[in-house]
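Let's take a friendly walk through a protein model, one region at a time. Have a look at the picture before reading on.

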Amino acid sequence: MSSDTDGTSEEPSGPNVDEVSEADADHQRSTAAHEALTTDDRIERVRAGDHIEEQDSDEEITAKLARQGVRLVRGRIFPPVFWPSLILVLAVVIVAVIAPDGTDRVFGEVQNWIVEELGWYYVLLVAGFVVFAIALGASRLGTITLGRDGEKPEYSTLSWFSMLFAAGMGIGLVFYGVAEPLSYATVDPKPGWGQDPTENAGLSMAQTFVHWGLHPWAIYAVIGLALAYAVHRRGRPVSIRWALEPLFGDRVKGRVGDIIDILAILGTVFGVATSLGLGVQQIAAGLDAIGLVGDPTSTTLLIVLITVITFIATMSVISGIGAGIKWLSNINLSLSGILLVTVLVLGPTLFICRNLVESLGFYLGNVLQMSFDVGAYNTEEGQVWFKSWTIFYWGWWISWAPFVGVFIARISRGRTVRQFITGVLLAPTVVGFVWFAVMGGAGLFRQLFGPGDLVEDGAASIDAPATLFEVLSDLPLGQVFSVLAIIVIALFFITSSDSGSLVVDMLASGGHPNPPTWSRVLWSVIEGAVAISLLVAGGLGALQSAAIATALPFSVVLLLMCFAIVRGLRYDYRKRELDARLSRLDRAAGYITDEVIESLPDDPRVRTYVDDRIDYRLARTKGGVFRRPPRE
């Protein structure tokens with residue numbers, strides 16, 4: 001650039017105008033990329049005004065749901081999900097009551113086919129979820145917040161861990177706490193193990209840890225993370241369909257989404273029914289242990305128990321989360337802790353501590369082999385064992401996934417993905433390990449080094465519901481602790497039923513967080529009816545078969561969720577990086593422009609030219625996004 005003041009050419013010092021042009025060009029490229037990224041409506045967040053807030057009235061929530069594509073009808077139900085789910089569940093109940101033998105046979109055949117043909121798929125899928133969850137938490141995507149950027153966690157770390165602990169406890173832990181390690185070590189060792197109970201004890205604890213540790217919680221982490229991202233990050237209702245929106249876009253508002261929610265309801269209903277069936281059998285065994293009943297296997301007794309406790313659960317679910325469910329959960333957690341500490345302190349304490357340490361060693365040394373073991377070299381015998389244990393567990397956990405996933409998603413607002421995965425995987429796993437080390441250790445000690453009366457000579461199986469009470473009977477005040485155990489089981493029964501009913505009702509109401517009372521009662525009663533019908537149709541075997549069968553279609557949904565999670569988180573990560581880049585470019589462009597102006601010669605024409613230039617900085621762009629003007 002020339003100066004006319006003295007006829008000589010003068011080069012200004014510092015940045016020149018070309019640098020500003022280059023910065024502007026870079027800025028334009030970045031804003032174009034930003035604009036292209038934000039046009040993907042499959043992942044872009046919901047308008048802030050449509051987010052469902054706690055203080056919203058039922059009418060406001062219904063209106064917001066309608067704006068997001070969920071139109072409720074009279075009674076606040078979502079017909080495309082409510083009616084098909086109700087009809088399918090009632091059909092199973094009616095058929096099971098009318099033709100119990102045929103229902104038992106059909107469920108058994110379905111279970112056998114799944115185990116024989118798709119057992120490898122269940123095992124590979126669950127192991128894959130563990131790898132996926134750990135890899136995702138360790139990746140750069142783990143820094144994404146499940147909420148608005150910079151939002152603080154809704155609950156303190158201690159409260160959050162406590163609630164995860166509560167979610168990790170259930171009827172299954174009490175039912176199998178003593179029986180599972182004892183069964184593996186004595187009457188039902190895994191194919192390929194020896195026959196010496198003492199040698200099998202360490203492996204039995206490791207196998208139990210596999211069934212109750214990282215693997216089930218990796219399943220819950222997948223669905224919980226997908227839901228937490230959809231609900232807290234994007235502002236969607238609490239409904240399973242929205243977890244797959246990054247893959248299917250607006251199609252989740254139609255038939256695709258309806259099918260996803262229907263599968264989630266069926267899985268939850270039959271998963272909870274399985275837990276209710278296990279719980280009521282153990283309550284009956286406890287009543288027998290304290291001398292209140294004569295025949296704990298009586299079908300009539302089991303039906304009466306299910307009916308009574310379902311009634312209590314219905315009263316709890318009517319009161320909602322803030323009253324009955326929360327109150328019962330806190331009591332249950334406290335009583336479970338008392339029971340655990342009692343067995344640890346009054347039982348064989350030193351052996352239990354040694355058992356925990358040594359069992360961890362067996363687990364760490366065998367977890368990979370056990371994770372991928374499908375009994376390929378033990379054809380017939382292996383399939384029977386896997387059908388009764390590993391495949392049943394994987395099916396049970398998958399059928400429970402919608403229920404637990406909704407719970408942990410609801411309490412995890414403000415956590416990063418890494419914090420979420422770390423907490424969900426580790427906290428309940430540690431609780432499960434300690435529980436089985438204490439309860440299972442007490443049972444193994446009594447059988448191997450004590451009276452040895454938990455397993456009858458030549459028996460093909462053990463009485464799982466009764467073993468807990470036989471172990472408690474050895475403790476001081478054993479009768480009192482047996483009563484405490486019955487109360488704990490009953491509370492697990494109630495909290496599982498009422499919480500499951502509320503989740504099912506929310507799904508059937510399109511994600512409405514406050515579903516109507518009449519439908520809460522309906523689904524609570526239906527869950528009790530399903531448990532009764534399956535017990536009548538075939539007892540524990542029918543319950544296991546139902547859990548495995550209903551888990552198969554929903555396992556595909558979980559697999560798709562993995563892809564949806566990655567797609568959604570990658571979008572947010574790229575968007576965050578682009579926003580940061582645009583901010584840096586904006587600051588740099590402003591700095592360079594100021595430097596150019598300061599370094600230019602004092603020529604009014606140049607000053608006018610520079611001062612009148614269009615400022616392409618992002619901060620000066622209305623609407624926050626720069627758009628290049630169309631060419632003439």
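## A well-covered helix

Helix 9 (residues 214–233) is mostly covered, with 19 of its 20 residues buried. Here, buried means under 20% relative accessible area, exposed means over 50%, and partly exposed lies in between, using a 1.4 Å probe and protein chains only. Helices (H or I, at least four residues) and strands (E, at least two) are DSSP runs, numbered from the N terminus. Just after helix 9, Gly-235 takes a positive phi of about 85°.

## About the model

This is a predicted model, in which local features need pLDDT of at least 70 and side-chain atom pairs count only at pLDDT 80 or more, while totals for chains, interfaces and linings use all residues. Residues are numbered from 1 along each chain as its sequence is written, and side-chain values use heavy atoms, with hydrogens and water left out.

## The whole chain

The protein chain has 22 helices and zero strands. Of its 632 residues, 55% count as buried. Its accessible surface comes to about 27,000 Å², and 60% of that belongs to carbon and sulfur atoms; such areas come from the Shrake-Rupley method with a 1.4 Å probe, and for residues only the protein chains shown count as cover.

Contact means heavy atoms within 4.5 Å. Among contacts between residues at least 6 apart in sequence, 82% join residues at least 24 apart.

## The nonpolar core

A nonpolar core is a set of buried Ala, Val, Leu, Ile, Met, Phe, Trp, Tyr and Cys residues joined through side-chain atoms within 4.5 Å. The largest one here has 183 residues, and those with the most contacts inside it are Tyr-176, Ile-240, Tyr-393, Trp-396, Phe-554 and Met-561.

The axes of helix 16 (residues 390–410) and helix 19 (residues 478–508) come within 10 Å and cross at roughly 85°. Axes are lines fitted to C-alpha atoms, for helices over the stretch in contact, and angles run from 0 to 180 degrees between N-to-C directions.

Where they meet, Trp-400, Pro-402, Phe-403, Val-406 and Arg-410 in helix 16 face Ser-496, Ser-499, Gly-500, Val-503 and Met-506 in helix 19. By class, this contact has six nonpolar, three polar and one charged residues. Ala, Val, Leu, Ile, Met, Phe, Trp, Tyr, Cys and Pro count as nonpolar, Asp, Glu, Lys and Arg as charged, and the others, Gly among them, as polar.

Thr-390 lies in helix 16 and is buried, with a relative accessible area of 4%. Leaving aside neighbours within four places in sequence, Thr-390 is in contact with Gln-207, His-211 and Trp-385. Ser-183 is found in helix 7 (residues 179–185), and counts as buried because its relative accessibility is 5%.

Trp-193 sits in the loop between helix 7 and helix 8 (197–212). Trp-193 is buried too, at 17% relative accessible area.

## Two loop residues

Which phi does Arg-76 have, positive or negative? Arg-76 has a positive phi of about 55° although it is not a glycine. Arg-76 is in the loop between helix 2 (58–67) and helix 3 (79–98) and counts as partly exposed, at 22% relative accessibility. Leu-477 also has a positive phi of about 55° without being a glycine. Leu-477 is found in the loop between helix 18 (464–472) and helix 19, and counts as exposed because its relative accessibility is 61%.
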